[in-house]
Amino acid sequence: MSTQERIKALVNDHPLVLFMKGTKQFPQCGFSSRAVQILQAAGLKDFYTVNVLEDDDIRQGIKEYANWPTIPQLYVKGEFIGGSDIMLEMYEAGELQTLLASV
């Protein structure tokens, strides 16, 4: 299975996936930490994460998958939502909570 196929399977097999540096218990960068905090503030207690630091192919491949150069990346119901800045904007506007209510 190619890296892109692996990423597609992860995105489609889970209603919400956060590709991040580190884990939700121990984020390894400030942007990933902020993404976890935003999801938790939006009411999510348990969500699926992929630590890109554990797999260089996924780390590079996820950037190509969505044509988005940075990590973290949030996917909801197979759709790319954005990184921590977009997540914060959506959260502040109430859009993220609405989106996550359907997960």
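**View 1. The backbone oxygen of phenylalanine 47 and the side chain of lysine 24 in a predicted model.** In this predicted model, a polar atom of the lysine 24 side chain lies 2.3 Å from the backbone oxygen of phenylalanine 47. The side chain of lysine 24 also makes a polar contact with the side chain of aspartate 46, at 3.1 Å. A polar contact here is a pair of N or O atoms within 3.5 Å; within protein, one must be able to donate a hydrogen and the other to accept it, and residues adjacent in sequence count only if both atoms are side-chain atoms. Residues are numbered from 1 along each chain as its sequence is written, and side-chain values use heavy atoms, without hydrogens and water. Local features need pLDDT of at least 70 and side-chain atom pairs 80 or more, while totals for chains, interfaces and linings use all residues.

View 2. Have a look at the loop between S1 and H2, where lysine 24 lies. Lysine 24 counts as buried because its relative accessibility is 18% (buried: under 20% relative accessible area, 1.4 Å probe, protein chains only). Beyond neighbours within four places in sequence, lysine 24 is in contact (heavy atoms within 4.5 Å) with Val36, Asp46, Phe47 and Thr49.

**View 3. Phenylalanine 47 in the largest nonpolar core.** Phe47 is among the residues that touch the most other members of this 17-residue core, a set of buried Ala, Val, Leu, Ile, Met, Phe, Trp, Tyr and Cys residues joined through side-chain atoms within 4.5 Å. Leaving aside neighbours within four places in sequence, the contacts of phenylalanine 47 include Leu16, Leu18, Val36 and Leu39.

Notes. Buried < 20%, exposed > 50% of the residue type's maximum accessible area, 1.4 Å probe, protein only. Helix = DSSP H or I, 4+ residues; strand = E, 2+ residues; numbered from the N terminus.
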